[in-house]
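Subject: Structure handover

Hello,

Here is the structure for you to look through. My notes on what was found follow below it.

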Amino acid sequence: MSHAIQERPVSAAPRRGSLSHARLPRWSPAAIAVGSIAGGIGTGLAAGWHSKVQWGLTAALLFVLVTFAVTTKVEGSRQAKDRVATSLVWVCFVLAVVPLLSLAWVTISKGLDVLDGYFLTHSMNGVLDAEAGGGVYHALLGTIEQVGIATLIAAPIGLLTAVYLVEYGNGSRLAKAVTFFVDVMTGIPSIVAGLFVLATWNLILGFGPSGFAGAMALAILMMPVVVRSTEEMLKLVPNELREASLALGIPKWRTILKVVLPTAIGGITTGVMLAVARITGETAPVLLLVFGTKLINPNPFEGAQSSLPLYVYEQYAVGTDAAVARAWAAALVLIAFVMILNLVARGIARWKAPKTGR
Amino acid sequence: MAKRIDVSGLSAYYGAHKAIDDISMTVEPRSVTAFIGPSGCGKSTFLRTLNRMHEVTPGGRVEGKVMLDDENLYGTNVDPVAVRRTVGMVFQRPNPFPTMSIFDNVAAGLRLNGNYKKSQLADIVERSLKGANLWNEVKDRLNKPGSGLSGGQQQRLCIARAIAVEPDVLLMDEPCSALDPISTLAIEDLIGELKERFTIVIVTHNMQQAARVSDRTAFFNLAAVGQPGKLIELDDTERIFSNPSVQATEDYISGRFG
Ligand SMILES: Nc1ncnc2c1ncn2[C@@H]1O[C@H](COP(=O)(O)OP(=O)(O)OP(=O)(O)O)[C@@H](O)[C@H]1O
Ligand SMILES: [Mg+2]
């Protein structure tokens with residue numbers, strides 16, 4: 001037991017005029033956590049519950065309740081509230097992390113079965129869906145091209161829209177209308193974006209399926225996310241920096257280009273990356289517009305392509321063991337792809353971000 | 001070249017709120033003019049009308065005339081960007097550009113305006129930093145970020161940045177309010193040197209500072225909260241601090257305000 005508890009009887013209420021009071025030892029939250037987990041497992045076994053979810057929830061509930069009871073007894077009610085809030089934060093954190101970790105674990109363990117150099121460098125050309133072999137190269141290439149084109153379209157437009165809203169809009173009627181429509185666009189289901197491009201580009205204008213058509217739909221989905229996040233980042237740039245620049249006789253457009261955007265570049269990159277991550281996993285518009293193929297088609301402007309989420313969908317639909325293994329491997333490639341993009345973007349953002357320190 | 005400022009009938013608004021009312025004054029070239037007055041009486045607002053920074057504020061609007069030698073800053077066809085190159089400004093809070101190194105901060109005005117020769121840039125930066133009394137402290141770390149300096153050093157960096165573009169007039173809004181006495185003294189000395197080349201206007205809440213650095217002092221006041229601020233009197237600093245012609249000035253200076 002710690003000093004505090006030895007010096008003073010455990011039940012002593014904090015005395016008036018005294019700044020110190022009985023404290024639980026530092027390791028007590030960990031001890032309570034271990035105890036609650038044991039309690040959760042014990043209850044689960046005793047009651048014969050099959051679902052581990054029930055075990056976990058019991059443990060979480062026990063953790064919060066025991067924390068509250070013990071702290072109220074030892075430290076008093078104000079500290080008890082504090083500790084309960086902290087323990088709730090921990091419980092929520094664990095609840096959020098468990099699905100994430102289990103998702104990563106399942107994808108990695110199942111995906112590694114067939115993921116190798118051959119898988120990454122070959123297409124499904126000449127491979128029957130039901131049998132083993134083949135690869136994901138054509139889908140990876142399609143995803144890179146479609147997402148790349150979509151980003152090339154959506155990022156500049158989104159960025160400039162946000163610059164307009166923050167730097168020039170000033171609550172004008174046009175700015176309000178743009179904000180409204182951006183909000184509406186954020187809520188567009190991806191299938192609707194796909195149908196829109198299908199209706200205009202393919203049916204009215206008469207083009208066939210292509211990576212570019214898919215990229216246009218993806219750009220529609222990406223644009224509002226870029227606008228929103230960039231807008232928030234630009235609003236964070238202190239006005240004093242703009243004024244400092246303007247007061248030097250630097251024109252407004254150069255102020256924006258050389259002072260405002262560089263200051264916000266870290267956040268803007270993160271926002272664009274989130275948008276990229278969002279569209280990389282889109283299946284519906286790709287299914288409608290890019291159509292899917294087993295062959296390598298490096299030209300995004302002509303003919304059907306494939307893409308990773310579409311490939312996963314197709315392989316899973318086939319349903320044989322070999323195809324499902326390929327689906328898992330492709331899912332792993334998809335996650336890794338987004339992850340690598342994220343790391344690269346973070347690297348760029350850190351390299352470009354405002355430097356502090358000496 | 002230092003220039004004379006001649007203000008007549010100037011009022012400034014924030015939306016519907018009139019912040020300063022009908023101000024007329026003359027600021028002589030190669031002199032230091034101090035603005036004093038209670039908080040909220042419109043000193044900063046007035047200062048910002050002198051280089052057309054007031055209109056940067058949403059809703060900011062100005063009526064009246066500001067003659068810089070013989071050109072009206074608010075005349076038609078006057079480019080505010082050109083005005084701001086002629087009339088530089090130092091803000092109350094140091095605001096170096098966080099993405100730029102010390103060197104780039106000082107060079108920013110020239111670089112971003114595009115009117116400089118590459119070969120001269122290093123010279124100009126060195127001269128400006130020396131002019132701002134900062135050179136010795138930063139000469140070994142010109143490539144380090146400007147935000148890594150102390151508050152006082154940052155403020156002198158901002159002064160160096162402002163004088164690097166060689167303005168004719170330098171406006172300073174409480175440049176020492178966040179500084180220790182030693183940095184304050186450094187900046188006051190600096191103002192003494194700069195007035196040989198520039199026309200300087202400085203806002204300050206520090207009476208001693210106004211008495212120390214300025215040749216002329218202007219006292220601003222406002223009738224009541226929410227009323228526009230007015231120029232009460234402008235006179236030689238000595239007279240303002242010894243024998244002002246308006247009672248309100250004397251009350252304010254001697255601390256019998258309000
Ligand atoms: N951005 C703004 N929007 C609306 N009103 C403003 C704005 N800035 C200042 N004001 C108003 O204008 C009046 C003058 O403000 P100003 O900042 O010029 O005062 P000041 O004399 O510089 O005060 P201080 O000594 O505290 O710096 C005040 O009533 C203030 O509330
Ligand atoms: Mg002020």
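An oxygen atom of ligand 1 sits 2.7 Å from an N or O atom in the side chain of B:Lys43; a polar contact here is a pair of N or O atoms within 3.5 Å. B:Ser44 has a side-chain N or O atom 2.6 Å from an oxygen atom of ligand 1, and for B:Ser39 the distance from a polar side-chain atom to a ligand 1 oxygen is 2.4 Å. On its own, ligand 1 has 630 Å² of accessible area, and the protein covers 62% of this (Shrake-Rupley method, 1.4 Å probe).

This is a predicted model, with local features needing pLDDT of at least 70, side-chain atom pairs pLDDT 80 or more, and totals for chains, interfaces and linings using all residues. Residues are numbered from 1 along each chain as written, chains are lettered from A and ligands numbered from 1 in the order written, and side-chain values use heavy atoms, without hydrogens and water.

Around ligand 1 there are 13 residues (a heavy atom within 4 Å). By class, three are nonpolar, eight polar and two charged (Ala, Val, Leu, Ile, Met, Phe, Trp, Tyr, Cys and Pro count as nonpolar; Asp, Glu, Lys and Arg as charged; the others, Gly among them, as polar). α1(B) gives the largest share, three residues (helices are DSSP runs, H or I, of at least four residues).

Regards

Technical notes. Polar contact = N/O pair within 3.5 Å; in protein donor to acceptor, adjacent residues only side chain to side chain. Helix = DSSP H or I, 4+ residues; strand = E, 2+ residues; numbered from the N terminus.
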